[in-house]
Amino acid sequence: AAARFEVALQDLLARHPDKVNAVRRMGLLFAIDLNPDKLRALEFATRMFHRGVVMPPAAISMPTSAVARLLPPLILNDDHIAEFMDKADDALGSFE
């Protein structure tokens with residue numbers, strides 16, 4: 001499931017190249033490097049929270065952080081991935 005999630009996140013990067021700079025992964029831990037000129041991780045995490053996804057920024061004490069971390073459950077499945085991607089795509093699209 002982690003490999004499928006990584007592919008989905010790369011697709012997110014391709015759909016929002018002006019807002020997402022890179023996607024990183026170590027095992028089941030993921031990071032989305034956001035474009036700090038467009039949005040901050042805390043803003044993105046807040047919009048995701050309003051869509052029902054808890055996704056803390058990598059450095060919550062740093063409001064200027066542009067790295068959002070993803071900690072998916074060990075039971076991650078394709079339905080979870082699809083739901084996350086729909087909400088992330090919607091949240092990223094809400095930024096000008």
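**Notebook: the sheet and its surroundings**

I looked up the sheet and found an open one of three strands, ordered S1-S2-S3, with antiparallel pairing. I note that this is a predicted model.

I then checked the edges. Strand S1 (20-26) and strand S3 (67-70) stand there, each with a single partner strand, so one side of each has no neighbour in the sheet. From one strand to the next, I read an average twist of 20°.

Next I asked what packs on the sheet. I found helix H1 (residues 2-15), which touches S1, S2 and S3. The direction of H1 makes about 170° with that of S1.

I turned to the pairing of S2 with S3. Strand S2 (residues 29-34) pairs with S3 in the antiparallel sense, over four bridges. I looked up two positions in S3: Ala68 stands opposite Ile32, and Val67 is the bridge partner of Asp33.

I followed the side chains along S3 and saw that they alternate. Ala68 and Leu70 point to one face and are buried.

Last, I looked at the surface. Which residues form a nonpolar patch there? I found Met26, Leu29 and Leu71, with about 350 Å² of accessible area together. I placed Met26 in strand S1.

Conventions
Residues numbered from 1 in each chain as written. Predicted model: local features only at pLDDT ≥ 70, side-chain atom pairs only at ≥ 80, totals over all residues. Heavy atoms only, no water. Pairing = 2+ DSSP bridges. Axes fitted to C-alpha atoms, helices over the stretch in contact; angles between N-to-C directions. Contact = heavy atoms within 4.5 Å. Patch = residues over 30% accessible without salt bridge, like charges linked within 9 Å, V, L, I, M, F, W, Y side chains within 5 Å. Areas by Shrake-Rupley, 256 points an atom, 1.4 Å probe, with all protein chains shown as cover. Salt bridge = Lys/Arg side-chain N within 4 Å of Asp/Glu carboxyl O. Buried < 20%, exposed > 50% of the residue type's maximum accessible area, 1.4 Å probe, protein only.
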